[in-house]
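Hello,

Here is the structure I promised to pass on. Please have a look at it first, and then read on for what turned up in it.

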Amino acid sequence: MTYLRRKSRNTLKSAGHHRDKVNIRVRFFASLKQHLGQAELQLEISSMQTVTALWETLSAGKDALPKQILFAVNQEYVHAEYCLKDGDEVAFFPPVSEGH
């Protein structure tokens, strides 16, 4: 599994293509999986929600989780304000520390 590519910014769709809710798959890796007690979720979220907003919702009240994380959508790194679309797979990764 490779999560090394960069995805270009989403373009906003016209109101005619807008949906109120979208279904996504969320995957957690490494220590995030242990802290959250699960490896993945299927969620219905508000359309036009960003990956940052999703992480803030999922990590709310969980002090042990890192505030800065890496995230990818459909196996490509994305920017923080990427708007999630129906059918997206979101992956959250803890920061990688250098050294031992």
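Is Phe 29 buried or exposed? Phe 29 is buried, with a relative accessible area of 18%; buried here means under 20% relative accessible area, exposed means over 50%, and partly exposed is in between, with a 1.4 Å probe and protein chains only.

Before the rest, a word on how to read it. This is a predicted model, in which local features need pLDDT of at least 70 and side-chain atom pairs count only at pLDDT 80 or more, while totals for chains, interfaces and linings use all residues. Residues are numbered from 1 along each chain as its sequence is written, and side-chain values use heavy atoms, with hydrogens and water left out.

**Confidence**

The pLDDT is the predictor's confidence in each residue, from 0 to 100. The protein chain has an average of 81, and 77% of the residues score at least 70. Strand β1 (residues 5-6) has the lowest confidence, with a mean of 44, and β2 has the highest, at 97. Helices (H or I, at least four residues) and strands (E, at least two) are DSSP runs, numbered from the N terminus. Please take care with residues 1-16, where pLDDT stays under 50. For that stretch the model has 33 contacts beyond four places in sequence, a contact being heavy atoms within 4.5 Å.

**The cores**

A nonpolar core is a set of buried Ala, Val, Leu, Ile, Met, Phe, Trp, Tyr and Cys residues joined through side-chain atoms within 4.5 Å. The largest one here has 21 residues, and Phe 28, Leu 54, Leu 84 and Phe 92 are those with the most contacts inside it. Two or more residues come from each of β2 (21-28), α1 (31-36), β3 (40-46), α2 (51-59), β4 (70-73) and β6 (89-93). A second, separate core of 5 residues includes Phe 29, Tyr 77, Ala 91 and Phe 93.

Leaving aside neighbours within four places in sequence, the residues in contact with Leu 84 include Val 22, Ile 24, Ile 45, Leu 54, Val 73 and Val 90.

**Helix α2**

Which residues of α2 are buried? They are Val 51, Leu 54, Trp 55, Leu 58 and Ser 59. An α-helix has 3.6 residues a turn, so residues three or four places apart point the same way. The buried residues of α2 pack against β2, α1, β3, β4 and β6, while Glu 56 and Thr 57 are exposed on the other side. Just after α2, Gly 61 has a positive phi of about 80°.

**Aromatic pairs**

Rings of Phe, Tyr and Trp (its six-membered ring) pair if their centres lie within 6.5 Å; planes under 30 degrees apart count as stacked, over 60 as edge-to-face and the rest as tilted. By this rule there are 3 aromatic pairs. Phe 28 and Phe 92 are stacked, at 6.1 Å centre to centre and 20° between the planes. Phe 28 is in strand β2 and Phe 92 in strand β6, so this pair ties together parts that are 64 residues apart in sequence. Phe 28 is buried at 3% relative accessible area, and Phe 92 is buried at 0%.

Phe 29 and Phe 93 are also a stacked pair, with ring centres 4.9 Å apart and planes at 10°. Phe 93 counts as buried at 15% relative accessibility. Ring pairs also link Phe 28, Trp 55 and Phe 92 into a cluster.

**Salt bridges**

How many salt bridges does a search of the whole structure find? There are 3, each being a side-chain nitrogen of Lys or Arg within 4 Å of a carboxyl oxygen of Asp or Glu. Arg 25 meets Glu 40 at 2.7 Å, N to O, and Arg 25 also meets Glu 89 at 2.9 Å, N to O. Arg 27 forms a salt bridge with Glu 89, with the closest N and O atoms 3.9 Å apart. Arg 25 is partly exposed at 28%, as is Glu 40 at 35%, whereas Arg 27 and Glu 89 are both buried. Together, Arg 25, Arg 27, Glu 40 and Glu 89 are linked in a network of salt bridges.

Enjoy exploring it!
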